[in-house]
Amino acid sequence: MNNTLIVFASEHGTVEKCARELFRLIDGKVDICDLSQRQIIPDLTGYDSIIIGGSIHYGEIQKAISDFCKTNLDQLNKKRIGLFINCIYTGDKAMQQLNNAFPKELNDKAVVRDYFGGEINDLKLNYFERFITKQIIKKENLVVSLSREKIVQFAKVISNHETKE
């Protein structure tokens, strides 16, 4: 049986929504740790798989996620790793953001990595965030949405039902 920890940080709720969906879909024992709520990180030695997720803001993942990866890199290198981001881009630009979000060692060893898309909730964004986000979406003609299919596929791979392509 797989024992999985999902570690995430969510500024506006989209990453949390995806993390909770993964929590629901993954087989075995699953624990969840929200770094944006400054939760105490469980002992990583008790987990077979660790999923790390965050969102991209101004080209970077949250500091809590990058700090978690740096601090725990040695232990993470001994685990099955899954990495995900939420961002407003798709395709090559989203993959570039995924590559830049995590240390190279984790990107290289991850059994599954993906971007799940994003959501824009005007009520959770401050004025500046709304303005910038809408300008980027308009300028680049983006269609912003979450991909449930990618989340389901990610869960299947981390649960050992399918292998990485």
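Buried means under 20% relative accessible area, exposed means over 50%, and partly exposed lies in between, computed with a 1.4 Å probe on protein chains only. The views below show a predicted model, in which local features need pLDDT of at least 70 and side-chain atom pairs count only at pLDDT 80 or more, whereas totals for chains, interfaces and linings use all residues. Residues are numbered from 1 along each chain as its sequence is written, and side-chain values use heavy atoms, with hydrogens and water left out.

**View 1. Ile 56 in strand E3.** Ile 56 lies in strand E3; helices (H or I, at least four residues) and strands (E, at least two) are DSSP runs numbered from the N terminus. Ile 56 counts as buried because its relative accessibility is 12%. Contact is defined as heavy atoms within 4.5 Å. Leaving aside neighbours within four places in sequence, Ile 56 is in contact with Ile 61, Ile 85, Asn 86, Cys 87, Gln 97 and Ala 101.

**View 2. The nonpolar cores.** A nonpolar core is a set of buried Ala, Val, Leu, Ile, Met, Phe, Trp, Tyr and Cys residues joined through side-chain atoms within 4.5 Å. The largest such core has 29 residues, of which Ile 50, Ile 52, Ile 85 and Phe 102 touch the most other members. At least two residues of this core come from each of E1, E3, helix H2 (63-71), helix H3 (73-76), E5 and helix H4 (91-101). A second, separate core of 17 residues includes Ile 6, Cys 18, Ile 151 and Ala 155. In soluble globular proteins, nonpolar side chains tend to be buried together. Not counting residues up to four places away in sequence, the residues touched by Ile 85 include Gly 54, Ile 56, Ile 61, Asp 114, Tyr 115 and Phe 116.

View 3. Two strands pair if DSSP finds at least two bridges between them. E1 runs parallel to E2 and is joined to it by 6 bridges, with Ile 32 of E2 as the bridge partner of Ile 6. E1 also pairs with E3 in the parallel sense, over 5 bridges, and here Leu 5 stands opposite Ile 50.

**View 4. Helix H1 and its buried face.** Helix H1 comprises 12 residues (14-25), which at 1.5 Å a residue should span 16 Å; its end C-alpha atoms are 17 Å apart, which agrees. The expected span is 1.5 Å times one less than the number of residues. The buried residues of H1 are Thr 14, Val 15, Cys 18, Ala 19, Glu 21 and Leu 22. Seen down the helix axis, these residues fall within an arc of 160°, so they line one face of H1; the arc is that of the directions from the helix axis to the C-beta atoms. They pack against strand E1 (3-8), strand E2 (29-34), strand E3 (49-57), strand E5 (80-86) and helix H7 (148-158). Glu 21 has a relative accessible area of 17%, and its contacts beyond four places in sequence are Arg 148 and Ile 151.

**View 5. Helix H4 and its two sides.** In H4, the buried residues are Ala 94, Gln 97, Leu 98 and Ala 101. Viewed down the axis of H4, they fall within an arc of 100° and so line one face of the helix. The face turned away from this buried side carries the exposed residues Asp 92 and Asn 100. The cover over the buried residues includes E3, strand E4 (60-61), E5, helix H5 (104-109) and strand E6 (112-115).

**View 6. Arg 130 in helix H6.** Arg 130 is found in helix H6, which covers residues 127-140. With a relative accessible area of 26%, Arg 130 is partly exposed. Its C-alpha atom is separated by 8.5 Å from that of Ile 120, 10 residues apart along the chain.
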